[in-house]
Amino acid sequence: MTTAEVIFDDVSKFYGEVLGVNRVSLRIPPGITSLVGPNGSGKTTLMNLLTGLILPDRGSISVLGVSPRDPETMMRFTGYATQYDAAPRWATGFEFIATGLLLFGYSRAEAEEKAWKALEWVSMTEAAHRKVAAYSKGMRQRVRLAQAIAHNPQVLVLDEPLNGLDPLVRAETIALFRAWAAEGRHVILSSHVLQEVDVISDQVILIANGMIVAEGEIRGVREEIHDHPSQFVIRCREASRIAALLFNEDHVTEIKLNDDRQGMLVLTKDREQFARALSRIALAGNLIDGVVPADENVDALYEYLIGGGR
Amino acid sequence: MTATISFRARQACTIARVELRRAFFSKRSFWVYLLALFPAAVFIGHGIEAKIDRQRWSAKGFTPAALFDGIKQGETEEAVRSRLGMPVSDQKWEHWRRVLREGSGKGSEPRVWEEKREQRRRLSYFDGRRRADLWFKNGVLHEKNIRPLLNFEEDRQVFAGLFQYFYLRLAIFFGCLGIFMNLFRGDMLDKTLHFWFLAPIRREVLLLGKYLAGLVAAVVIFTGGALLCYAAMLWPHDPGEVQVYWQASGLSHAFWYGAAAALGCVGYGSVFLAAGLLLRNPIVPAATLLLWEAINGFLPAALQKVSVLYYLQSLCPIPAPVDNSARAIFRMLLSPAEPASGFWAVTGLLALTALVLVVAARASRRIEISYSTE
């Protein structure tokens with residue numbers, strides 16, 4: 001492995017006349033990276049390209065220095081929980097995972113031990129010996145997740161991994177992703193649940209119509225968006241007075257006082273000037289209880305960059 | 001870990017083991033068993049019928065062979081019955097036929113159709129091995145047909161014809177189509193092919209594993225079917241006659257029929273596995289290959305060798321019977337081209353298979369998961 005990044009270099013994929021992704025260039029560092037975009041935007045296409053399930057028409061992909069065209073090497077350190085719901089008819093959950101592990105060269109005993117451990121991670125040991133075809137949607141989702149993580153991969157790719165999971169398993173799964181990311185691994189996932197993405201992601205990739213709209217840490221991406229004023233929520237006792245002071249600033253475009261007069265929402269075109277102005281007001285003896293950005297989240301980024309329609 | 005050849009071979013075996021279930025028990029290709037067992041069913045039916053006939057006729061007594069051999073055409077029913085005694089079967093019926101009666105030749109008297117009635121009778125005798133059917137017309141013997149109840153030579157010819165015209169050309173052909181095209185296409189239709197693609201295996205190893213699974217299933221089904229059919233052909237015959245044949249050439253014939261069936265699976269299997277990778281619709285490759293194999297006899301000598309059937313027919317121990325009264329074009333379609341020697345037939349077929357598998361392996365590297373287009 002020559003590099004610790006997943007790299008897309010000018011990658012395009014077309015399905016006949018239909019655009020999958022167009023001229024995508026990305027460098028994905030270790031940590032949790034979320035792909036965010038509306039249905040049909042190209043999230044799954046990117047993941048399938050990354051794992052070699054489909055091949056690019058143009059450009060190249062490198063996963064920690066290995067091409068997806070070399071699955072024998074790449075899939076040793078890559079796991080992918082797809083959205084494809086089907087599983088081989090013959091398989092129980094346990095067989096499904098253990099058989100896959102045999103192909104990694106593990107002995108049967110090792111494969112079974114790892115399969116069992118993976119099923120424990122996703123709380124599926126009780127149903128391990130039932131046919132996958134008889135599982136509920138959530139169980140199939142969990143067993144796919146177990147299969148993806150069973151060989152302890154360095155790069156974990158997950159297409160809507162939290163769909164169909166109950167809250168407890170969902171929390172455990174998120175904790176697992178975090179633990180893996182903390183070990184310096186890649187966890188690349190897609191999700192429609194933006195609040196979840198917001199909570200778990202180290203970086204986001206916003207994609208729309210097959211093109212990358214923005215990528216990076218959420219705050220960094222937000223700072224790059226100049227078309228939309230930044231939003232801050234201020235909690236304070238004398239909201240009217242502070243609002244009047246702020247309104248004198250040129251960069252402040254809008255202020256909405258809370259009904260309880262204990263705070264306000266401020267829209268500013270310049271975050272730096274806003275920070276300086278707020279410092280001046282506080283130093284002048286005005287008590288400010290707290291300031292938090294109101295739109296440094298995926299939801300806001302989505303709204304600004306992609307618009308409604310998700 | 002650097003993958004070694006033995007590691008890849010283990011991977012291929014693991015894939016083959018998993019895929020065997022699909023190859024043997026796929027609902028999509030269950031009809032393959034019917035194709036494989038049909039000839040055996042025909043011979044078993046023939047054997048049962050012969051055994052029942054022998055038992056039934058033996059119960060009615062034997063007529064010495066010399067007696068019915070001495071019967072001549074033109075003898076009367078009474079004379080025959082008085083010499084041969086009670087037949088094992090006696091059938092009488094009236095036969096009506098229209099004959100044209102010429103006019104008297106005196107000018108205007110027209111020619112007319114008139115109906116003639118004939119008394120027909122068939123007396124059958126049995127000497128324990130052969131049956132004699134004596135056909136009488138208006139009480140006079142006009143035809144004598146003596147033949148063994150079971151004709152070993154004839155049955156071997158029938159087997160040779162059935163094996164080459166039905167088993168090799170149709171049963172194994174379509175059976176392999178069903179088994180091998182299903183290996184990749186079935187995974188695509190079931191939307192489970194990504195399971196294999198997400199494992200650390202080369203596509204060539206996946207192809208080899210699937211091919212091995214299909215091959216084991218096809219060889220068991222079709223070589224088993226051929227040998228079962230062969231055993232069913234031998235079964236009703238006189239054990240002594242069978243033993244003599246078995247010691248002379250029977251074992252060798254059985255081996256080569258089995259080998260031809262197995263090599264048919266090897267050859268057609270590779271072709272249909274490749275077709276399953278390259279094409280979505282199985283009808284197109286099946287029709288093309290069937291046509292190619294059918295016109296093989298018309299092709300130049302070099303092109304004749306690019307045919308699975310060419311090598312398979314060369315391996316068959318007995319040439320398939322060809323009806324000389326059939327039209328020349330049919331005889332050409334059915335007759336094999338100048339056969340190759342056993343060694344070259346096997347070598348040629350294996351070389352052809354290897355070539356097709358190399359093409360399939362190259363194609364396998366370009367396969368993508370596109371379930372939505374299936």
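Q: A nonpolar core is a set of buried Ala, Val, Leu, Ile, Met, Phe, Trp, Tyr and Cys residues joined through C-beta atoms within 7 Å; which residues have the most contacts inside the largest one?
A: They are A:Ile97, A:Ala146, B:Ile172 and B:Cys176, in a core of 142 residues. The largest share of this core, 17 residues, comes from H7(B). Helices here are DSSP runs of H or I with at least four residues, strands are runs of E with at least two, and both are numbered from the N terminus.

Q: What kind of model is this, and how are its parts numbered?
A: This is a predicted model, in which local features need pLDDT of at least 70 and side-chain atom pairs count only at pLDDT 80 or more, while totals for chains, interfaces and linings use all residues. Residues are numbered from 1 along each chain as its sequence is written, with chains lettered from A and ligands numbered from 1 in the order in which they are written.

Q: Why is A:Pro161 called buried?
A: A residue is buried if 20 or more other C-beta atoms, placed from the backbone, lie within 10 Å of its own, exposed if 12 or fewer, and partly exposed in between. A:Pro161 has 26 such atoms within 10 Å, so A:Pro161 is buried. A:Pro161 lies in the loop between strand E6 (155-159) and helix H6 (167-182) of chain A. In chain A, 41% of the 310 residues are buried.

Q: Which residues are in contact with A:Pro161, leaving aside its neighbours within four places in sequence?
A: Two residues are in contact if their C-beta atoms, placed from the backbone, lie within 7 Å. On that basis A:Pro161 is in contact with A:Ala81, A:Leu145, A:Thr173 and A:Leu189.

Q: Why are E1 and E4 of chain B called edge strands?
A: The open sheet has four strands in the order E1-E2-E3-E4 (chain B), with antiparallel pairing. Strand E1 (89-101) and strand E4 (140-148) each pair on one side only. Neighbouring strands are turned by 20° against each other on average, direction ignored.

Q: What packs on this sheet, and at what angle to E2(B)?
A: Helix H4 (residues 77-84) of chain B does, touching E2, strand E3 (130-137) and E4, and its direction makes about 5° with that of E2(B). Axes are lines fitted to C-alpha atoms, for helices over the stretch in contact, and angles run from 0 to 180 degrees between N-to-C directions.

Q: How many residues of chain B are in contact with chain A?
A: There are 22, facing 23 residues of chain A. The largest share of the chain B side, five residues, comes from H1(B).

Q: Where in chain B is confidence lowest and where highest?
A: pLDDT is the predictor's confidence in each residue, from 0 to 100. The lowest mean, 62, belongs to helix H12 (residues 328-334) of chain B, and the highest, 96, to helix H7 (residues 203-234). Chain B averages 87, with 92% of the residues scoring at least 70. Where pLDDT is low, the predicted coordinates should not be read in detail. The model scores ipTM 0.80 and pTM 0.81.

Note on methods. Pairing = 2+ DSSP bridges. Core = buried A, V, L, I, M, F, W, Y, C linked by C-beta atoms within 7 Å.
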